[in-house]
Structures are given as C-alpha cells and as structure tokens.
Amino acid sequence: MRMAIMGAGSLGTIIGGLITKGGQEIELIDINKEHVAALNESGAKITGFLDLCVPVKAIVPSEMTGTYDLVFLLTKQVYNKTTLEQLLPHLSEDSIVCTLQNGVPEDYVSSVIGRERTIGGVVGFGATWLGPGISELATEVHTMQNYAFDIGELDGTITPRIQEVKKVLDLVGHCHISSNIQGIKWAKLLMNATFSGMSAALGCRFGDILRNEAAMFHLAHIADETIKVAHAHGIRLEPMQGKDMEFLELRDHDDVPNKMSFYQEVWGPHSNTKASMLQDLEKQRPTEIDYINGFVSKKGREAGLQTPYNDLVVHLVKEAEKKGRPPKFEDNIVYFGSRL
C-alpha cells in the first residue's frame, strides 16, 4: 500500500515518523521546503514526551508522482481547496483519504474527491512544530497508547478498508473505529473550540487555561454552546478518551464548578500543548478559527441559537491575525470570566 501524509507539520511529522518506525513506508508531503529538506537530511526528530529521530522520505507537493492508496490529510482547512486540487491527480478510484484535520471538514472534502474515497478521523494528541524537521510531542505517551485516533466511514459501516487504516494508525497509538464519526468529530470540535480556541485567544498553553478560574468559566460556556448547537442539528457527541463529552452541557452558570474536575482529568495530560492556531499566529499565518469556534457560531446561527462565548474567541483571534502577532495572556484575560 502506497501511503502519504498531506501536511507534515507538527502532528504529521510525528505520525509519519512513528509509522515509518513501525516498518511502513510513507511519504511526508509539505509546502515548507526547508522543513522537507531537514526531514530528508536529518530525519523526523521527535522531542517532548518522546526522544526519537527517524529517517523519513519527504517531498513538496510538486514532487508527487503516481497514485496513493491511502492519504492522511493533515493540512489546515484554510488550504483545503489548493490541497485537494494538488492531490486529486494522484488518487485512483480505490484511493482512501482519511481526514485528520481539526473541525468538521468531511462534507467539503467528500464533495471534491467523492464520499466513496473519504474516511473521517480525529487526532487525540497534541504536538508543537519547533523548527525544520523537529516536532514536540505534547501529550504523555501512555495517553497515546490508550487513545490516539478515532476513524470511521461516513455512513457508519465497519469495512475491511477501515480495519486496514486502523492497523496503520495503531503504529502511532491506539486507533478506535467509530460507527458515529460525526459524533466523534463534534466531540473533537468541542475539544478544539475550548482549549485550542482559548489557547489562541490568550496566547498560552493548555495548562495556563486550566489554572485560571476566569478562563475556565468562559471555556465551560464554549463547551456548553457547542453541545447545544450539535443537539440542534440532531447530533449527539460521542465519548472521547473514554469520557462522555455530553456531561459538559450546563444547566446554568452555577453548574460550571461541577465540571472542573472533568476538565482537569481529561486535559491535564495535555497541559503542555500549544494550540496549532496559536502556532499559526506566531508565524503570522491565517488560523483555522472560522473552522473551529467560527463553525460553532455559524451552525448556531443556522439553528437560531446565540453563541456569545464562541463569538468572543473568534473576535479576539481575528484581532490577533490583523495585528500580526499572538495575544498576551495578561491583556486578553480581562475579557473572560464575565457572564455574556
């Protein structure tokens, strides 16, 4: 099986390195020529909770040849149009594209390449790109061994090909097959809208949010809005990492303290994670905010629901994009904690 990772950034470097270490050949494709050169010359260097350097094969998109049987899509959603145009000539009728992106990109991806070639997926661990060829694993290894991915067919069936994709991803960490990938995607959307959204809006790592009462008050309402919007569209969130994300729906403001131990238990192992959207702000690149918190806001408007807590995060991240620099925690924390 000929495989590739489209978008070998922070997560793609780690996934590609560990799949290669597991004995499978996989091409790491990325637009960053300096990063590609470093991967080829020095290997994929993984730091943080792992200390590895794995020889890999990396290319830029213009160097793609032939067709791929399996492609893991890890580019940012803001680049999906260009990415899929580059990828289409290298897909056969039987090729599989597994979306491992943040947000809920499956409808758009399948509209371009076909539903029959699309498999949905989510990543359950965090990473930070440190420089050409180097990525920091920000999630504890034992957490990855218990949960690293969820994947599923769009129609919920359990197929032989989904079993084959699982075998590949199991080389990185435990991969679970879901019969309700939309419920999984919305659960992951909640995880991104809360800690990734707040990380980008405050310019900090997840642990800084967990330690701040005002930030956690706002975050709890981001989760609540996400769940209520999902319900309005007929979607029930699936458990992730063995935890029922539906538990995070709030009765009222006074219900917030009852959720705090849940957040500490689930996100504590990821406390060193810096959101990819914050990494984009640091590099003066456009973020995926419209596909994360902005997606919740958009779907809320479609259902006639207000989403002020997600809206504020979108506003602050877009302000940082305009300024061309990440926000400072002490400057933006003043916006959080109050009842909107």
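Leaving aside neighbours within four places in sequence, with which residues is Val-60 in contact?

**Figure 1. Surroundings of Val-60 in the predicted model.** Val-60 is in contact with Ile-29, Asp-30, Lys-33 and Val-36, leaving aside its neighbours within four places in sequence; contact means heavy atoms within 4.5 Å. This is a predicted model, in which local features need pLDDT of at least 70 and side-chain atom pairs count only at pLDDT 80 or more, whereas totals for chains, interfaces and linings use all residues. Residues are numbered from 1 along each chain as its sequence is written, and side-chain values use heavy atoms, with hydrogens and water left out. Val-60 lies in the loop between β5 (57–59) and β6 (68–73); helices (H or I, at least four residues) and strands (E, at least two) are DSSP runs, numbered from the N terminus. With a relative accessibility of 11%, Val-60 counts as buried (buried means under 20% relative accessible area, exposed over 50%, partly exposed in between, with a 1.4 Å probe and protein chains only).

**Figure 2. The loop residue Gln-77.** Gln-77 is found in the loop between β6 and α3 and counts as buried, at 8% relative accessibility. Residues up to four places away in sequence not being counted, Gln-77 touches Gln-101, Asn-102, Gly-103, Val-104, Pro-105, Glu-288 and Tyr-291.

Figure 3. Strand β7 (residues 91–99) runs parallel to β8 and is joined to it by three bridges; two strands pair if DSSP finds at least two bridges between them. Cys-98 has Ile-119 in β8 as its bridge partner. Strand β11 (residues 149–153) runs antiparallel to β8, with five bridges joining the two, and Val-122 stands opposite Asp-150 in β11.

**Figure 4. The hairpin of β9 and β10.** Strands β9 (127–131) and β10 (residues 134–137) pair in the antiparallel sense over four bridges. Two residues lie between these strands in the hairpin, and Gly-133 in the turn has a positive phi of about 80 degrees. Gly-131 stands opposite Ile-134 in β10. Four of the five residues of β9 are buried, so β9 is largely enclosed by the rest of the structure.

**Figure 5. The largest nonpolar core.** This core has 58 residues, and those with the most contacts inside it are Met-245, Tyr-263 and Trp-267. A nonpolar core is a set of buried Ala, Val, Leu, Ile, Met, Phe, Trp, Tyr and Cys residues joined through side-chain atoms within 4.5 Å. Not counting residues up to four places away in sequence, Tyr-263 touches Phe-195, Leu-210, Met-216, Leu-219, Ala-220, Ala-223, Leu-248 and Gly-268.
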